[in-house]
Every structure is written in C-alpha cells, then in structure tokens.
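Me: I have a protein structure to go through for class. Can you take my questions as they come?

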Amino acid sequence: QVQLVESGGGLVQAGDSLRLSCAVSGRTFGNYVEAWFRQGPGKEREFVAAFMTNNDLTYYADSVKGRFTISRDNAGNSVYLQMNSLKPEDTAVYYCALDRAGFMSFAFASRKEEYEYWGQGTQVTVSS
C-alpha cells in the first residue's frame, strides 16, 4: 500500500522560501506521475506541479511557474516542492499525490481525479 506523508509547511512572510517534502513508502517498481496540489481556504483543490518519472518531464501551474520547483530523490523515496518568492495567495494546505502512469498530458496531470494516492497535507501560511 502506497503511503505519502508531507512535511515542511509553516508560517512565513511574503518573499520567503519553503521546501515541502513528501515521504513515499510502499510503492512498487514502475513509472509514476508525482504531483503537488493545494487547497486554499474556501477553494477547490488545485494543481501546482507534476513530475513524470518515466522521462523527467515537469508541469507547473501558471500561478507558480518560475517560483516553484518539483523534484525527487533518485531512490524515489521523497518528492519535494521548493517554493520561492512566496505570496499570500500561496496560502493553502499542500498535498502530495501519486499515480502509477508512464505519462500524462498536462490536461490529465492537472486533474486531481487522475491520482490514486494522496497524503494528508501540510499547511503553508504566507503573511503579507
């Protein structure tokens, strides 16, 4: 059974940086799409970034492009989200998600319905 545990959230000021981590356990050998989503107060859960283990392809939401970077360790035990130049509108609970797939187009990778495994989330609060 795949389990995901996020960490690294906290309270920061606008312009600061944070690095979120997602510890992955229980996955079997194969290709995956690894992603981060977020859910702000009173909002729907939205796509942030995705990484394809098959070919290292990455996708980003326009709202975070150039500020956030998704990455992983070589062993596949952790997925990271480096967040720079944080803004108050980045305030949300951030979720790690995985799906066993070799490839997804951006249209599919950005849909939360495509992911089978989810973490419990970590809160990020950015003050102005």
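Me: How far apart are the sulfur atoms of Cys 22 and Cys 96?

Reply: The sulfur atoms of Cys 22 and Cys 96 are 2.2 Å apart, and the two residues form a disulfide. A disulfide here is a pair of cysteine sulfur atoms within 2.5 Å. Before going on: this is a predicted model, where local features need pLDDT of at least 70, side-chain atom pairs count only at pLDDT 80 or more, and totals for chains, interfaces and linings use all residues. Residues are numbered from 1 along each chain as its sequence is written, and side-chain values use heavy atoms, with hydrogens and water left out.

Me: How many disulfides does the structure hold?

Reply: One.

Me: Which parts does the pair tie together?

Reply: Cys 22 lies in strand S3 (residues 18–25) and Cys 96 in strand S9 (residues 92–99), so the pair ties together parts that are 74 residues apart in sequence. Strands (E, at least two residues) and helices (H or I, at least four) are DSSP runs, numbered from the N terminus.

Me: Is the disulfide left-handed or right-handed?

Reply: It is left-handed, because the torsion about the S-S bond of Cys 22 and Cys 96 is about -80 degrees.

Me: And are Cys 22 and Cys 96 buried or exposed?

Reply: Both Cys 22 and Cys 96 are buried. Buried means under 20% relative accessible area, exposed means over 50%, and partly exposed is in between (1.4 Å probe, protein chains only). Cys 96 has 0% relative accessibility, so it counts as buried.

Me: What is Cys 96 in contact with?

Reply: Leaving aside neighbours within four places in sequence, the contacts of Cys 96 include Leu 4, Glu 6, Cys 22, Trp 36 and Trp 118. Contact means heavy atoms within 4.5 Å.

Me: New topic. How many helices and strands does the protein chain have?

Reply: The protein chain has one helix and 11 strands. From the N terminus on, the elements run β-β-β-β-β-β-β-β-β-α-β-β.

Me: What order do the strands of the four-stranded sheet have?

Reply: The order is S1-S3-S8-S7, in an open sheet with antiparallel pairing. Two strands pair if DSSP finds at least two bridges between them. The edge strands are S1 (3–7) and S7 (68–72), and each pairs on one side only.

Me: How many bridges join S7 to S8?

Reply: Five, and S7 and S8 (residues 78–83) run antiparallel. In S8, Met 83 is the bridge partner of Phe 68.

Me: What about the core? Which residues have the most contacts inside the largest nonpolar core?

Reply: Trp 36, Leu 81, Met 83, Tyr 94 and Tyr 115 have the most contacts inside that core, which has 40 residues. A nonpolar core is a set of buried Ala, Val, Leu, Ile, Met, Phe, Trp, Tyr and Cys residues joined through side-chain atoms within 4.5 Å. S5 gives the largest share of this core, six residues.

Me: What does Leu 81 touch?

Reply: Leaving aside neighbours within four places in sequence, Leu 81 is in contact with residues including Leu 20, Trp 36, Val 48, Phe 68, Ile 70 and Tyr 94.

Me: Last one. What share of the residues of the protein chain count as buried?

Reply: Of its 128 residues, 45% count as buried. The C-alpha trace of the protein chain spans about 45 × 25 × 25 Å along its principal axes.
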